[in-house]
Amino acid sequence: MFKVDGDRMTEHRKAWMVIVSGGPLGEESFFRADLGAADACLDSLLAHLESKGLSPFA
């Protein structure tokens, strides 16, 4: 899930969030990143998936 929080954005805080869990990641693989830009969230998510041996590019 990608989310942007408008209140955080107007407060100049890290407004973008990505959450991934379940499926092939397993129950122990909950991942969340709160960052300042959507592309940073995506980069962080892709690095996490790679660390789990999962790549959308393979």
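Predicted model: local features only at pLDDT ≥ 70, side-chain atom pairs only at ≥ 80, totals over all residues.
**Sheet.** I looked up the strand order first. Three strands make an open sheet, ordered β1-β2-β3, and they pair antiparallel. The edges are β1 (2–4) and β3 (31–35), each of which pairs on one side only.

I then checked how β1 is held to β2. Strand β2 covers residues 16–20, and three bridges join β1 to this antiparallel partner. Within that pair, I found V4 opposite W16 of β2.

**Helix on the sheet.** Which strands does α2 touch? I found that helix α2 (residues 38–51) packs on the sheet and touches β1, β2 and β3. The direction of α2 makes about 155° with that of β3.

**Core.** I listed the largest nonpolar core, which has eight residues: V18, V20, L25, F31, A33, C41, L45 and L49. At least two residues come from each of β2, β3 and α2. Helix α2 gives the most, with three residues.

Not counting residues up to four places away in sequence, C41 touches F2, W16, M17, V18, A33 and L35.

**R8.** I placed R8 in helix α1, which spans residues 6–10. Is R8 buried or exposed? R8 counts as buried because its relative accessibility is 16%, and the cut-off for buried is under 20%. Leaving aside neighbours within four places in sequence, I found R8 in contact with R13, K14, A15, R32 and D34.

Conventions: Residues numbered from 1 in each chain as written. Heavy atoms only, no water. Pairing = 2+ DSSP bridges. Helix = DSSP H or I, 4+ residues; strand = E, 2+ residues; numbered from the N terminus. Contact = heavy atoms within 4.5 Å. Axes fitted to C-alpha atoms, helices over the stretch in contact; angles between N-to-C directions. Buried < 20%, exposed > 50% of the residue type's maximum accessible area, 1.4 Å probe, protein only. Core = buried A, V, L, I, M, F, W, Y, C linked by side-chain atoms within 4.5 Å.
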